[in-house]
Amino acid sequence: MESTNQHCMILLVLVLILACNVITASSASPASKRFHFNVEWKQVTRLCHTKSLLTVNGEYPGPTIAVHEGDNVEVKVTNRIAKNTTIHWHGIRQYRTAWADGPAYITQCPIRGGHTYTYKFNVVDQRGTLLWHAHFSWQRASVHGAFIIYPHLPYPFTPKIQAEIPIIFGEWWNADVDAVEGQMMYGGGPNSSNAYTINGLPGPLYPCSAKDTFVRAVEPGKTYMLRIINAALIDELFFAVANHTLKVVEIDAVYTKPFSTLAIMIAPGQTTNVLLTTNQAPDASGMFPMAAAPYLTSVFPFDNSTTLGFLKYKGPKSSDKNTKPSVVVPNLPKMTDTPFATKFLNKLRSLATPQYPCRVPKAIDRRVITTISLNLQDCPQNQTCKGYAGKRFYASMNNQSFVRPLMSILEGHYKNFTASQLTSTFPERPPKEYNFTGVDPLTENMNTEFGHKLLVVPFGTNLEIVLQDTSFLNPENHPIHVHGHNFFIVARGFGNYDANVDPASYNLVDPPERNTVAVPVGGWAAIRLKADNPGAWFIHCHLEQHTTWGLAMAFIVPNGPSPSQCLLPPPDDLPSC
Ligand code: C2O
């Protein structure tokens, strides 16, 4: 079976090389935008703890990249630390430019200390808010920032926007993040963060942090666009602003049918644009608090604190310095409010107009069903493991725990699939049918398999992936992110997916289009995409500890038949391993 696959791959690679030799660079000449990122340490103090924080250009959060739809983007990344790094442009489709996607060992070898790599890509047919972040180890804890794409056409919503307000959520650890990650070497979970942050600032509910509070002045009677980004490492968040409703207009750089809500749920890797109208009567402080706190579905220890920032209405009333602003945000859901999260996510719909059509595949060529699960592994002899029952925690998709190879999968695929020892044998069904979300499927998830088996789908495949949570150890809401493609969330549900029943209720008209789906706790989500972007693409849980434990896989899309559907040749400065 395997060797047949490999022969097919050799053929595919040959076809790809023949079809693609004739490629020349695109002749269109859109604007070029150039940026320079220095990855460097910086002394930063929060919560009365000073530490060396990994940053881009000394900024935390990092610099905003703002471009226009259609622009060519070049970001020269210089690694000024004695460790490896890479940067990922989360949600940018990277059509034909997989070399610039960024995940270490998937599309490139890391940029070594002292070295430079220039990421070059176009931003095509996408508009709105995304993020960029480091994609090596746990560096994205502090190496992240906003990626804003201004549209060609006017916004498809009203009223007029007075100004934009970036709201980037993060997590702060007093300890070194490498040390937090290192704890997981002993098979246990990571220590939870010490604070959540809004634009790098924890806010007044944390020790020593009153001065480290995000405050934004606004004019009364105007409408602002909040570009909300969850760059937290391991927590899904609720967000609300006291007294104000939020009108959702865009998610993951795709317009949605607008709707109003008192709060949003946003998972790591997701972005949400909301409109906020300053139509409330402020008290003497002039301040309205905004808050983010975790949406909690796990029994593992977690950071249950709340980060606060403020909108400060301009005007005569706000001059009273003696009035303390309220720090209560009554419309923030409780941390365990799964019904709220479910209702909120169910309201998200693609705009689906002639201008912004919803291109959901109506029929599929292939359905892959995969568990997304935690696992337990026997502790190696002579070691002490800190996971449950003296064992080690892992995580997997269909009981495959992804281990990164010591090479770039994309390079291996591009150069010679067989010599690179990559195999296209990712199982397309769970190894065993059982009651995934039942009470105690304990033994089914013992001792997962380690490796990096790939899923290979022909170019143009209409692919459905059903992501099935399991209650092994702990059912949990997992934000699953797909690189290189947006997808459509055609259905979500609780319990076990049923291929005979559930497809009947799919939304094939205006399902939300995203790059990261929050799979319901103890449930499943069905996503569809057209695999039309040649390259090697990572799929993984955007809760960083789960990626570390192996809740990830990669899939390969070979070149398409026409030269304009082929992966471009690797850039000259592509790092080597
Ligand atoms: Cu936002 Cu693979 O990451």
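Q: Into which domains is the protein divided?
A: This is a predicted model, in which local features need pLDDT of at least 70 and side-chain atom pairs count only at pLDDT 80 or more, while totals for chains, interfaces and linings use all residues. Residues are numbered from 1 along each chain as its sequence is written, and side-chain values use heavy atoms, with hydrogens and water left out. With bounds that come from an automatic or database domain assignment, the protein is divided into domain 1 (31-150), domain 2 (163-347) and domain 3 (366-565).

Q: How many residues do domain 1 and domain 2 each bring to their contact?
A: The C-alpha centres of domain 1 and domain 2 lie 23 Å apart. Counting as contact heavy atoms within 4.5 Å, the contact takes 25 residues from domain 1 and, from domain 2, 40 residues.

Q: Which three residues supply 29% of the area that domain 1 buries against domain 2?
A: Buried area is the accessible area (1.4 Å probe) that two parts lose on being put together, summed over both. Domain 1 and domain 2 bury about 3,000 Å² between them, with 63% of it on carbon and sulfur atoms. On the side of domain 1, the 29% share, which is more than any other three residues supply, comes from Leu47, Thr129 and Trp138.

Q: How many residue pairs are in polar contact across the interface of domain 1 and domain 2?
A: A polar contact is a pair of N or O atoms within 3.5 Å; within protein, one must be able to donate a hydrogen and the other to accept it, and residues adjacent in sequence count only if both atoms are side-chain atoms. Across the interface of domain 1 and domain 2, with both residues at pLDDT 80 or more, the number of such pairs is 14.

Q: Which residue is the bridge partner of Val248 in S17?
A: Helices (H or I, at least four residues) and strands (E, at least two) are DSSP runs, numbered from the N terminus, and two strands pair if DSSP finds at least two bridges between them. Six strands form an open sheet of mixed pairing in the order S10-S9-S12-S17-S14-S15, with strand S10 (195-198) and strand S15 (254-261) at the edges. Within this sheet, strand S14 (residues 246-251) and strand S17 (residues 271-277) pair in the antiparallel sense over four bridges, and the partner of Val248 is Val274.

Q: Which residue in S32 stands opposite Leu454?
A: Five strands form an open sheet in the order S24-S32-S31-S26-S29, again with mixed pairing. Strand S24 (454-456) and strand S29 (516-519) each have a single partner strand, so one side of each is left without a neighbour in the sheet. S24 pairs with strand S32 (residues 552-557) in the parallel sense over three bridges, and opposite Leu454 stands Ala554.

Q: Which residue has a positive phi of about 50 degrees although it is not a glycine?
A: Most residues other than glycine have a negative phi, and most peptide bonds are trans. In the loop between strand S21 (392-397) and strand S22 (400-402), the residue with the positive phi is Asn398.
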